[in-house]
Amino acid sequence: MQQFLTYTDRSCPIRLAELPHAEYTAFFETMQTYLASGLRCAHYFATPDHGGAYTIYAVLLDDETHSVRIGTATAVAAAPIPSLTAIYPAMHPFERAIAETTTIRYADLPWDKPLRLPYDRTDRSQNPFNYPFYSIEGEALHEVHVGPIHAGIIEPGSFRFICNGERVLHLEIALGFQHRGIEHLMTATDNRLRQAMLAEAIAGDSSVSHGRTFAATIDALAGVQTSPRLAIERTIALEMERVAMHLADTGALCGDIGYQLGQVACEALRTITINTTQRWCGNRFGKGLVRPGGSYFPITAATVESIRTQMSDVKRRYLEIVNNLHATPSVLARFEDCGHLEMIQAEAIGAVGPAARASGLLRDLRSTHPFEAYADLAHEPVTETTGDVMARLNIRCREVPQSIDHIMTLLERVTETKPSEKPVFTQALAPASLAIGLTEGWRGEICHVAITDSDGRLAVYRIKDPSLHNWLGLALAVRGEGISDFPICNKSFNLSYCGHDL
Amino acid sequence: MFRTKLRVLRSHGIQYIKHLDEAVLPEIFRGRPILFDPEETRAAHVATVPDATTHLAENGDSKRTTDGRIASQAEIPEGETGKTTCFPEKHNNNGNSMPRTYDVIHRELAGLEALCPTGAITAVPFSLDLGRCLFCGECARRAPHLVQFTNDYHMATNDRLALNIVPGTESIKLDPDRVRREITRTFGHALKLREVCAGGEGSTEMELGASMNVNFDFGRYGIDFTASPRHADGLVITGPISANMARALEICYEAVAEPKILIVAGTDAISGGLFANSPAIDRRFLDRVQPDLYLPGNPVHPLTFIHGVMALTGRSFRKTNRKR
């Protein structure tokens with residue numbers, strides 16, 4: 001068995017030469033041991049070597065010791081290799097991505113289907129219109145197809161339901177329509193500003209989270225030690241994004257069941273929140289707020305005052321909405337006991353973020369792998385136990401006030417620190433090194449892995465959005481539900497299509 | 001239960017923006033930029049910036065002291081406030097070394113051209129294409145004497161070339177003569193749109209949704225989004241058009257009954273934006289179909305969308321058009 005490297009200080013890069021390396025057989029055994037002991041996979045990908053071989057990188061998170069374990073292996077394309085997915089279903093998106101874009105073949109990969117149909121897929125005969133959907137024979141069953149274009153103003157994805165009457169037996173989600181080749185574009189340019197903006201475009205509703213993950217990864221590679229003030233500012237930006245999106249989700253869930261008061265009140269509160277972000281940085285989604293090495297929008301006394309007044313108002317009014325929501329039986333009747341994701345299922349598929357916390361899993365990087373100012377915040381993750389739509393909504397209902405409290409605490413500390421520095425776009429990166437950015441975005445765990453070549457250029461940039469794990473959770477949650485409950489199940493997860501498809 | 005509802009109602013009060021045409025965005029919002037003639041700023045430029053390439057290489061940052069490096073006083077003034085600190089007249093007091101100026105200004109413009117993440121800036125002749133601009137504001141920070149962003153959200157036009165702004169461009173307007181007659185004739189009272197996201201990252205989609213929310217309430221003018229293209233009068237495209245969505249987009253457009261309009265919302269949709277050179281996108285649809293309205297932005301602000309659609313359909317915000 002091979003030992004993985006334990007990586008604790010994520011602000012320093014790792015030299016590629018220091019990474020433990022093994023043949024696939026030994027690596028496979030180690031991965032099994034680690035995954036069995038409760039470590040979870042944050043990223044897993046293959047990069048081509050010379051001569052048709054591939055290097056597989058595995059990034060595992062250890063919640064107990066707050067560390068990251070990294071290991072690599074060589075896989076040769078000649079013979080099929082055993083898959084981890086067969087034992088640990090949580091590995092399925094990673095191994096499917098590898099099977100799709102490399103010549104590595106898995107001997108026993110269950111559900112060996114296209115993941116995101118990237119432009120560089122090895123099998124060009126696969127396209128969005130011939131996805132091999134699962135089907136069941138039977139006279140009592142019928143299929144419902146939704147997508148790729150949906151009824152609302154949302155992103156595209158294909159859903160195929162197999163129903164018995166109104167009841168959903170099975171849902172299969174086919175994605176890839178949003179694939180823009182972002183990982184390729186990241187390494188195709190040396191313009192650091194362009195890279196930072198690409199990171200913000202991974203998922204527009206998580207611009208700050210992905211932007212911060214990129215900035216942290218590059219800061220590590222460049223050896224830039226950022227100031228405590230910058231950490232506070234980035235944390236406030238992350239929490240503002242969380243509040244805005246949780247408000248949007250609360251409103252959208254209310255809208256989906258025709259509870260208009262909740263919908264419009266949350267829309268109004270979201271407007272206040274994102275306009276506060278706009279007054280800080282000039283963009284309602286916080287684009288441009290986070291940059292490597294520093295910030296163009298150091299928080300000023302006026303910004304502190306604006307955030308403090310607006311957010312305390314948002315908190316008060318949101319709690320009134322939540323109060324009313326919990327007191328309205330027709331609302332509870334739709335949300336409660338609907339779209340269950342059991343804890344054991346969430347664990348098996350490697351769910352992250354609010355969806356995992358709603359099923360009782362303590363998955364929150366803010367407390368297990370603290371970054372930026374979270375180490376000093378003593379963040380207590382919010383968890384629910386029932387794993388239904390109501391639980392996922394309750395996570396939001398409880399996280400909004402918590403996040404606003406965090407923002408208030410951080411605003412107190414802002415004035416005590418020195419002003420933050422300006423962004424840096426020209427820092428040389430450590431050559432032949434690897435760095436990892438981990439962020440708990442509002443949707444869950446974001447992981448970026450950057451690898452530089454011997455000249456210090458970005459050679460590999462791999463992105464993981466939390467949606468990659470959680471889409472399967474949605475498919476499992478709607479099983480046994482009425483098909484008319486699908487919209488609220490979907491909204492309660494609110495996963496990203498473009499973050500998944502990249 | 002009713003008491004809690006009343007409390008929510010009382011706390012929120014009236015939310016909608018009564019006069020959408022009077023809405024003003026905060027100064028810090030990065031809307032329509034203005035360019036300054038490099039020739040006119042030349043003299044001032046020499047006085048304040050001895051070597052353009054130096055400051056471009058150092059991020060135009062004159063105060064950073066990390067790494068123990070203190071930048072020279074002569075470097076470019078700070079542009080973060082969005083205000084010009086370097087007007088030609090004010091700094092024209094040491095108008096020497098004129099022979100160097102052309103070289104300096106040329107290098108500076110070339111620096112801006114190289115800096116722009118989407119290649120929106122052209123050095124000679126100096127211009128900025130809003131169809132490609134992502135409003136990051138980096139050019140205005142490096143060279144506030146050449147580029148500045150205003151809080152003007154009126155950026156919608158039906159002429160792609162009108163998005164290419166040059167020094168002296170004071171506004172971006174829709175050209176009423178280019179609007180097809182059937183658009184004002186058919187859609188002058190109500191307009192139903194279908195949105196198709198083709199590789200869009202979600203923020204423009206959320207802003208289009210926000211234009212229908214309780215604050216902007218665009219629905220008051222009879223303009224709305226539908227669930228099906230069969231119910232729609234036109235299509236709004238967001239995103240750079242990923243190859244995997246190209247066919248679905250085409251099918252959706254064909255499903256809209258004639259006469260129909262096409263709106264491209266967001267920089268990604270207008271030009272491909274950051275993804276213009278990506279092998280994973282396929283923009284051939286736009287070679288065949290000419291958009292009726294271009295909405296720049298990253299993302300498009302709801303007010304840009306609202307004002308653009310009102311102008312396209314020949315509507316006024318104040319008077320309700322009762323003539324049939």
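Two residues are in contact if their C-beta atoms, placed from the backbone, lie within 7 Å. This is a predicted model, in which local features need pLDDT of at least 70 and side-chain atom pairs count only at pLDDT 80 or more, while totals for chains, interfaces and linings use all residues. Residues are numbered from 1 along each chain as its sequence is written, with chains lettered from A and ligands numbered from 1 in the order in which they are written.

**Stop 1: where the chains meet**

Select both chains. The contact takes 57 residues from chain B and 55 residues from chain A. Now colour helix 1 (2–12) of chain B. Helix 1 of chain B supplies the largest share of the side that touches chain A, six residues. Helices (H or I, at least four residues) and strands (E, at least two) are DSSP runs, numbered from the N terminus. Other elements of chain B giving at least two residues each include helix 7 (203–210) and helix 8 (243–255). By type, the side of chain B that touches chain A divides into 28 nonpolar, 18 polar and eleven charged residues. Here Ala, Val, Leu, Ile, Met, Phe, Trp, Tyr, Cys and Pro count as nonpolar, Asp, Glu, Lys and Arg as charged, and the others, Gly among them, as polar.

**Stop 2: the two domains of chain A**

Select 5–101 of chain A for domain 1, then 182–501 for domain 2. The bounds come from an automatic or database domain assignment. The C-alpha centres of these two domains of chain A lie 26 Å apart. Across their contact, 23 residues of domain 1 of chain A meet 23 residues of domain 2 of chain A. Strand 4 of chain A gives the most to the domain 1 side, with six residues. That side holds 15 nonpolar, four polar and four charged residues.

**Stop 3**

Zoom to strand 5 (residues 53–62) of chain A: eight of its ten residues are buried. A residue is buried if 20 or more other C-beta atoms lie within 10 Å of its own, exposed if 12 or fewer, and partly exposed in between, with C-beta atoms placed from the backbone. Strand 4 (residues 40–48) of chain A pairs with strand 5 of chain A in the antiparallel sense, over eight bridges. Strands pair if DSSP finds at least two bridges between them. Pick A:Phe45 and find its bridge partner, A:Tyr57. Four residues separate strands 4 and 5 of chain A in their hairpin, and A:Gly51 in the turn has a positive phi of about 75°.

Move on to strand 6 (residues 67–76) of chain A, antiparallel to strand 5 of chain A over ten bridges. There, A:Arg69 is the bridge partner of A:Leu60. In this second hairpin, A:His66 takes a positive phi near 55°.

**Stop 4: helix 6 of chain A**

Select residues 228–256 of chain A, the 29 residues of helix 6. Helix 6 of chain A is largely enclosed by the rest of the structure, because 27 of its 29 residues are buried.

**Stop 5: the core**

The largest nonpolar core has 232 residues. Such a core is a set of buried Ala, Val, Leu, Ile, Met, Phe, Trp, Tyr and Cys residues joined through C-beta atoms within 7 Å. Helix 6 of chain A gives the most to this core, with 15 residues. Among the residues with the most contacts inside the core are A:Ala58, A:Val59 and B:Leu295. Finish on B:Leu295: beyond four places in sequence, its contacts include B:Ala156, B:Ile263 and B:Phe305.

How values were computed. The expected span of a helix is 1.5 Å times one less than its number of residues.
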